[in-house]
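User: I am new to this structure and would like to be guided through it. Could we begin with the sequence and the model on view?

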Amino acid sequence: MKLYYSPNSRSTGILSLLRMMGKETDVDIQTVHIKRQGGLGKTDPNNPHPEGKVPLLEVDGHFIRERGAITLWLTDHFDSPLGRGPNTPSRPDYLSWLFYYGSIVEPILYLTYLDLADNDLIRDWCRDQDTMFKTLETALSKNTFLIDDDLSAADLLVSAPFQWFPHLIPETGLVRDWFDRCMAAQDSKFIEEYDAQRMKDLGLPTIEEIYGEG
């Protein structure tokens, strides 16, 4: 297996998942360039993703795209307790949340950040931020995490975009507490140091220099 990865990108979440499963050394991690905000980065000929994106997982010559699909494949392949296997009662919820991330959470957060979410077309497509938060709160009113009282890879995936837009999370309440639990469960120090070193290896400025302190 080979993971095509670039630091401080969506692929960082897959690295964090591998770290939590104790499998980061079982996968060949290929660091590549990607195009970034502000004209940084570039398309990398060593990245076989047809759109030049990451993450991309190569398995026996086949490629798996999209974070939800990669997360599902990895947790199934390694039979990780962070997944919910095909024969478990919570499998339907697990699949639903993996796809909810890409279809609802990330689009709404990015469109809200860009001040583009307040129109009927967007609401018809993926609803709105209030509806999304109510959906999360309904699940979290029943369990500690989205599926049950144990952390899952779905929690890691759905919470990931909030790391870029923490100001959009309510300051208190179920969603904030859940996000904090998701962050606390990850090896943030390892991930930050790994990403920082790979940014240096690629000749890129630090994340603070790109986006500013805080």
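User: How many of the eleven residues of H1 are buried?
Analyst: Helix H1 is largely enclosed by the rest of the structure, because most of its residues are buried, in this case eight of the eleven. Helices here are DSSP runs of H or I of at least four residues, and strands are runs of E of at least two, numbered from the N terminus; buried means under 20% relative accessible area, exposed over 50%, and partly exposed in between, with a 1.4 Å probe and protein chains only. The number asked for is therefore eight.

User: What kind of model is this?
Analyst: Residues are numbered from 1 along each chain as its sequence is written, and side-chain values use heavy atoms, with hydrogens and water left out. Local features need pLDDT of at least 70, side-chain atom pairs count only at pLDDT 80 or more, and totals for chains, interfaces and linings use all residues, the model being predicted.

User: Which elements cover the buried residues of H1?
Analyst: The buried residues of H1 are Ser 11, Thr 12, Ile 14, Leu 15, Ser 16, Leu 17, Leu 18 and Met 21, and the helix is followed by Gly 22, whose phi is positive, near 70 degrees. Where contact means heavy atoms within 4.5 Å, the cover over those residues includes S1, S2, H2, H6 and helix H8 (188–201).

User: Which backbone oxygen does the side chain of Ser 6 reach?
Analyst: Ser 6 sits in the loop that runs from strand S1 (2–5) to helix H1 (11–21), and it counts as buried because its relative accessibility is 0%. Leaving aside residues up to four places away in sequence, its contacts are Ser 11, Thr 12, Val 32, His 33, Ile 34, Arg 36, Val 54 and Leu 202. At 2.7 Å, its side chain reaches the backbone oxygen of Val 32.

User: In what order do the four strands of the open sheet lie?
Analyst: The sheet is open and its pairing is mixed, with the order S2-S1-S3-S4. Its edges are strand S2 (28–31) and S4, each of which pairs on one side only, and from one strand to the next the twist averages 25 degrees. Two strands count as paired if DSSP finds at least two bridges between them, and the order asked for is S2-S1-S3-S4.

User: Over how many bridges do S3 and S4 pair?
Analyst: S3 and S4 form a hairpin with two residues between them, and Asp 60 in the turn has a positive phi of about 50 degrees. Within this pair, Glu 58 stands opposite Phe 63 and Leu 56 opposite Arg 65, while Glu 58 is also the bridge partner of Lys 2. S1 and S3 pair in the antiparallel sense over three bridges, whereas S3 and S4, antiparallel as well, pair over four.

User: At what angle do helix H2 and helix H3 pack?
Analyst: In this contact Arg 67, Gly 68, Thr 71, Leu 72, Thr 75 and Asp 76 of H2 meet Arg 91, Tyr 94, Leu 95, Leu 98 and Tyr 101 of H3, and these residues divide into five nonpolar, three polar and three charged. Ala, Val, Leu, Ile, Met, Phe, Trp, Tyr, Cys and Pro count as nonpolar, Asp, Glu, Lys and Arg as charged, and the others, Gly among them, as polar. With axes as lines fitted to C-alpha atoms, for helices over the stretch in contact, and angles running from 0 to 180 degrees between N-to-C directions, H2 (67–77) and H3 (91–113) have axes 8 Å apart and pack at about 150 degrees.

User: Is Arg 91 buried or exposed?
Analyst: Arg 91 lies in helix H3 and touches Leu 72, Asp 76, Arg 84, Gly 85 and Pro 86, not counting residues up to four places away in sequence. Because its relative accessible area is 13%, Arg 91 is buried.

Technical notes:
A polar contact is a pair of N or O atoms within 3.5 Å; within protein, one must be able to donate a hydrogen and the other to accept it, and residues adjacent in sequence count only if both atoms are side-chain atoms.
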